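Good morning, and thank you for joining. I would ask you to keep the sequence and the model in view while I speak.

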Amino acid sequence: MIRVFLDALGGDNAPEATCRGAIEAIGNDPELHITLAGPVDVIAPYLDEAGDLRDRLSIVDAPEVIDNSESPALAIRQKKKSAVVMGMLALRAKETDAFVSAGATGAVLVGGMLRLGRIPGIERPALAPLIPSSKGQFLLIDCGANVDSRPEWLAQFGIMGDAYMKRVMGIEKPRIGLVNNGAEEEKGNQLYSQAHQLLKKAPVHFVGNIEGRYIPADHADVIVCDGFDGNLILKYTEGIAMTLMGMIKRELMGDTRSKLGALLSKNAFQRVKKRMDYTEVGGAPLLGVQGAVVKAHGSSNARAISSAIRQAASMVRGGVAQAIEEAITVQTNTDNIQ
């Protein structure tokens, strides 16, 4: 059995989306048991739809909610009956195996740091979403947890991304690339030039610098950057995807011949749309903390919540946190020998 603790009131479409997503998730995975945290009287009516699956859904009363307008650090300290705090503490106490939330990103980050704790040796956790590439997907790490980073943090991001892609995505030897403004080793500012040297020594398959134009071109399985650059890359990618899909749709509906071509190509366009759909991926794992934590998109619908729960369960099955700890231990021992 895999136990997932879900923030039932997290996200723009909660609690309907979170509750229906939980029902969908347990319907697809017979090993799952999901605990939904939030006001009982608000959550309970939505779970009536579960039918025979209801016995694998539990409710924990979490009357306090942390929203985006609050100071994350203050809220985590004061709102002890919020789903984020209760979930992180349950994960730390091994009372659950994973935590999922579509709520305030800052609260999840601070909660992971203060209430759950970092993996020994990890200096900063990082958010790492999967993003479509020309041939599959790549992991972007960090996408916003650390807007001011240090070279050694970026090196650890590469190690964490390597562990995730091995254990969850099944890639035997992930290619680790570093975002930069040129492919040459000497390119970049001080942060990136120093990170480059550290990644060369790290226990990963480092393929060097990746220019912006090649980020989606399947040159690497893990793209390493600081949280500021990563967030810009993520948001720009989302914007380009929406803009292109809208442009293509308008042009295909422009005249009769285009409409006929669109009809003949409908299945192909649907496959492309599915690959670009974030609801199929789930969310961004928070790597570097002592457990499986997934931050789902704030606008997640039921399908996205179900996918985030599936993603968290895959992290548990793959032992991602343990793999990161082992890899960091190897790196630390190597550094000490040198």
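Predicted model: local features only at pLDDT ≥ 70, side-chain atom pairs only at ≥ 80, totals over all residues.

Let me begin with helix α1, residues 16-28, and its packing against α11. The two axes lie 7 Å apart, at an angle of about 50°. Because of that angle, α1 counts as oblique to α11. The crossing is right-handed. On the α1 side, the residues that meet α11 are Ala17, Thr18, Arg20, Gly21, Ala22, Glu24, Ala25 and Asn28. On the α11 side they are Ala302, Arg303, Ile305, Ser306 and Ile309. Sorted by class, this contact holds six nonpolar, four polar and three charged residues.

The second pair is α4 with helix α5, the latter spanning residues 105-116. Here the axes come within 9 Å and cross at roughly 40°. The helices α4 and α5 are therefore oblique to each other, and α4 passes α5 in a right-handed crossing. From α4, the contact uses Val84, Val85, Met88, Leu89, Leu91 and Arg92. These meet Ala107, Val108, Gly111, Gly112, Leu114, Arg115 and Leu116 of α5. The contact between α4 and α5 comprises nine nonpolar, two polar and two charged residues.

The crossing of α6 and α7 is right-handed. Helix α6 contributes Pro151, Glu152, Leu154, Ala155 and Gly158, while α7 contributes Leu191, Tyr192, Gln194, Ala195, Leu198 and Leu199. Eight nonpolar, two polar and one charged residues make up this contact of α6 with α7.

I turn now to the second largest pocket, whose volume is about 390 Å³. Which residues lie nearest its centre? They are Lys94, Gln290, Gly291, Ala321 and Gln322, out of a lining of 23 residues. Two helices from the pairs already described, α4 (83-92) and α11 (302-318), each give two or more residues to that lining. Which element gives the most to the lining? That is α12, with five residues. By class, the lining of the second largest pocket has twelve nonpolar, six polar and five charged residues.

Thank you for your attention; I am glad to take questions.

Note on methods:
Residues numbered from 1 in each chain as written. Heavy atoms only, no water. Left-handed = near helix turned anticlockwise from the far one by under 90°. Helix = DSSP H or I, 4+ residues; strand = E, 2+ residues; numbered from the N terminus. Contact = heavy atoms within 4.5 Å. Nonpolar A, V, L, I, M, F, W, Y, C, P; charged D, E, K, R; others polar. 1 Å grid on protein atoms, 1.4 Å probe; cavity = no way out; pocket = protein on both sides within 12 Å on 5 of 7 lines; lining within 4 Å. Points joined across faces, edges and corners; volume = space filled by probe spheres on them. Axes fitted to C-alpha atoms, helices over the stretch in contact; angles between N-to-C directions. Parallel < 35°, antiparallel > 145°, perpendicular 65-115°, else oblique.
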